[in-house]
Every structure is written in C-alpha cells, then in structure tokens.
Amino acid sequence: IFFQGMQAVLIRDTHCNSIYRGFQIPKFCKIHYKSQLKSHLTINSSSTLANTCNMILNIFLAFCLFVSVSHGESVVDFCVANLNYPKGPAGYPCKDRTNVTVDDFVFSGLSVPGNASNPFKLGLTSAIDATFPGLNGLDLAMGRLDIGAGGVVPLHSHRVSELSIVLEGTIISGFIGADNTPYYKKLNKWDTIIVPRNLLHFIVNVGDAPALVLASLNSANPGLQVFDTALFGNTLPSSIVEKITLIDEEQVKKLKGMFGGSN
C-alpha cells in the first residue's frame, strides 16, 4: 500500500477479495495494475464509495504500522547472560529462565575501589554484561573510576555515549570533537558531563585528594579503546609507530615497554 498524492493506491496481483487475511475489501473495489509495479485503484461507483474505500485503506495502513511497531519491541522481559557460551554481536545467549535468580540482577562490585597501581593512578570497576549478567541486552552499563591525586583517565573512546557524575574530588573532564575542537571544564562534586559516542575523552584529577567518578553508558558492552595502549601496547614495529606519531623510535620503545608492547 502507498499513497499517490492524496489517493490511496493498493498494489496486488491477486483477486481483490483475497488481499486481506480475514479482512475483505468491499466488492465495489477493483484492482488494476500495470508493469513495474505501477497500479491504480479504480472505483466503479460514485465519489461516496470512493471516499469509503480510501477510508478503509487508510485504517488498514494505520493498523499495519501499529502492528509493525508493536512487534519491534522485545517479546521477553529480560535475557540474563549465560556466561557458559561465547558472546555474539548481540550479546550473550539467554540463561534458562528456570535458573534465573534475583542475584542475576544485583551487582555489588561498584562498592569496591579499583586497583590504581598503574602509571595513570586509575582504578576501574566495570558493571557490564560479562560481570553483571542481568545487564545483557538492556543497553546499560556502569563504571566506577577511582583516580588518585594527580591521576588521569587517559584518552579513550567507546562505541556509545557516556554520562559521568563526580562523587568526590575535583577533576577536569572533556572530549575532542570530530573537528578537533576540545570541550572541557573543571567539575566538582555532583557535576555531570555527557560525552557523545565514539569521541576521544579524558579526565584529569586536579585536586589534592583522590577523585571518584561514576559513569553510565548506553550499552551492556560499550567497548573501550585507550589511545596510549592502542599505539604502544601492540606488536606494531616501532619504526612504523615513529612515522605515524612523529615520536622518536627510542621514546616509542620506552613507551612500548611501559604499556606491554613489543617489536
């Protein structure tokens, strides 16, 4: 069904009365079609009958759209991750509902500070589908960021957007737009910042005490690519890294040693 101007047109190469399943077109409607799916609905009656036919088609089209939208919603309440199977593009397979308990929907890991014994003085605790099975398929994740004094969350990106709130401390947080424009600001307790998806972003603790930030992302598997480890935590030859970064090879090798890279 489509609309040509204000005239409803119905395409079908079978009998008029078999177009609808359990919903018959009035006998005064007749289908006439031409090549390349160009057709016209002709009404062998008065203008009153033509208006009636158009009204029926409009109602039927609205009904089809309603059914289509309704069927687009999930047909299950939840899909707790079955971690015994590998993850696919849409997440983990569903755990057998008879084995689901309330513990699948509760995560206590965010109460524990992350390990900040690293060059960035950053501890990260993630509530994602792999650690919190109840999130599977729900397009939600959270992360706790413990940032020591002088510590940073290095440049990184996710496939999705991130909303962060400062719970303790003072930080500078921001992101870099696709046009290389930086957007950043000093944030204090309860300040919140949104980072659009895919953009490089960062946090610097500019206070004298550790900072605590809680981040929420709109995916149970938001992905994470850290700029530094992407460059120096791999086996890409140092000579190539030197060329693409303009950092001398000696410094590249030093950074590779720091981030676990080689070659």
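This report describes salt bridges in a predicted model.

## Basis of the analysis

The model is predicted: local features need pLDDT of at least 70, side-chain atom pairs count only at pLDDT 80 or more, and totals for chains, interfaces and linings use all residues. Residues are numbered from 1 along each chain as its sequence is written, and side-chain values use heavy atoms, with hydrogens and water left out.

## Salt bridges in the structure

Six salt bridges are found in a search of the whole structure, where the term denotes a side-chain nitrogen of Lys or Arg within 4 Å of a carboxyl oxygen of Asp or Glu. Among them are the pairs described below.

## K87 and D129

K87 and D129 form a salt bridge with an N to O distance of 3.1 Å. Because K87 lies in the loop between α1 (47-71) and β5 (122-127), and D129 in the loop between β5 and β6 (141-147), the pair ties together parts that are 42 residues apart in sequence. Helices (H or I, at least four residues) and strands (E, at least two) are DSSP runs, numbered from the N terminus.

D129 is buried at 2% relative accessibility, whereas K87 is partly exposed at 34%. Buried means under 20% relative accessible area, exposed over 50%, and partly exposed in between (1.4 Å probe, protein chains only).

## E168 and K189

The closest N and O atoms of E168 and K189 are 3.7 Å apart in their salt bridge. E168 belongs to strand β8 (residues 162-168) and K189 to the loop between β10 (182-187) and β11 (192-195), so the contact ties together parts 21 residues apart in sequence. E168 is partly exposed at 39%, and K189 is partly exposed at 43%.
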